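Hello,

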Amino acid sequence: MKVFLGGTINGSRWRDELIAKLKIDYFNPVVDDWDENAQLIEEREKESSDFLLFVLTPLMKCVFSVAEVVDASNKTPEKTIFCVLDSDGGLSWDEDQIKAFDAVSRMVESNGALVFDSLDEIAEYLNDKSLL
């Protein structure tokens, strides 16, 4: 069983924190030099992974991960997981951002995907799935 670790990069350490808790295999798409080959590898890993996880934190700089999770929740809701962390690297969301991400979470969930509030919840869910 494998999970694709998508979402906020930009110096965020959420992947390291989650990886330490996982008892399943994972693919970390973060590379030093993003190029066409890295993109091809990422697409292949998304296809072969059992779960597509997208974690957003206040360190995010672009919105592509939002598009990715909405797309995944439409195309493969049974393997899509979404989480928005309240804080990261000393930053927190503002009130308008919180409202927007609550709406995205509801949209993703209404598409049939799973939404969690913490990395602990995600790790517990994925580790329990690996026992089945």
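Strands β1 and β2 pair in the parallel sense, over 3 bridges. Pairing here requires at least two DSSP bridges between two strands. Strands (E, at least two residues) and helices (H or I, at least four) are DSSP runs, numbered from the N terminus. The bridge partner of V3 in β2 is Y26.

This is a predicted model: local features need pLDDT of at least 70, side-chain atom pairs count only at pLDDT 80 or more, and totals for chains, interfaces and linings use all residues. Residues are numbered from 1 along each chain as its sequence is written, and side-chain values use heavy atoms, with hydrogens and water left out.

On its other pairing, β1 runs parallel to β3 over 5 bridges. F4 stands opposite L52 in β3.

The sheet is open and has 5 strands. Their order is β2-β1-β3-β4-β7, with parallel pairing. β2 (25–27) and β7 (114–116) are the edge strands, each pairing on one side only. Neighbouring strands are turned by 25° against each other on average, direction ignored. Axes are lines fitted to C-alpha atoms, for helices over the stretch in contact; angles run from 0 to 180 degrees between N-to-C directions.

Two helices pack here. Helix α3 (residues 64–75) touches β1, β3 and β4 (80–84). Its direction makes about 145° with that of β3. Contact means heavy atoms within 4.5 Å. Helix α5 (residues 119–130) lies across β1, β3, β4 and β7, at about 175° to β3.

How many residues of β1 are buried? The count is 6 of the 6, so β1 is largely enclosed by the rest of the structure. Buried means under 20% relative accessible area, exposed over 50%, and partly exposed in between (1.4 Å probe, protein chains only). Both faces of β1 are covered. K2, F4 and G6 are buried on one side, V3, L5 and G7 on the other.

Next, the rings. Rings of Phe, Tyr and Trp (its six-membered ring) pair if their centres lie within 6.5 Å; planes under 30 degrees apart count as stacked, over 60 as edge-to-face and the rest as tilted. By this rule there are 5 aromatic pairs. F4 and F54 form a tilted one: 6.3 Å centre to centre, with 55° between the planes. This pair links distant parts of the chain, since F4 sits in β1 (residues 2–7) and F54 in β3 (residues 51–56), 50 residues apart. F4 and F54 are both buried. The rings of W93 and F101 have their centres 4.6 Å apart and their planes at 55°, so that pair is tilted. W93 and F101 are buried too. Ring pairs also link F4, F27 and F54 into a cluster.

Then helix α2 (residues 36–48). Its 13 residues should span 18 Å at 1.5 Å a residue; the end C-alpha atoms are 19 Å apart, which agrees. The expected span is 1.5 Å times one less than the number of residues. A38, E42, E45 and K46 are the buried residues of α2. Down the axis they fall within an arc of 100°, so they line one face of the helix. The arc is that of the directions from the helix axis to the C-beta atoms. What covers these buried residues includes β1, β2, β3 and α3. On the other side of α2, E36, R44 and E47 are exposed.

Best wishes
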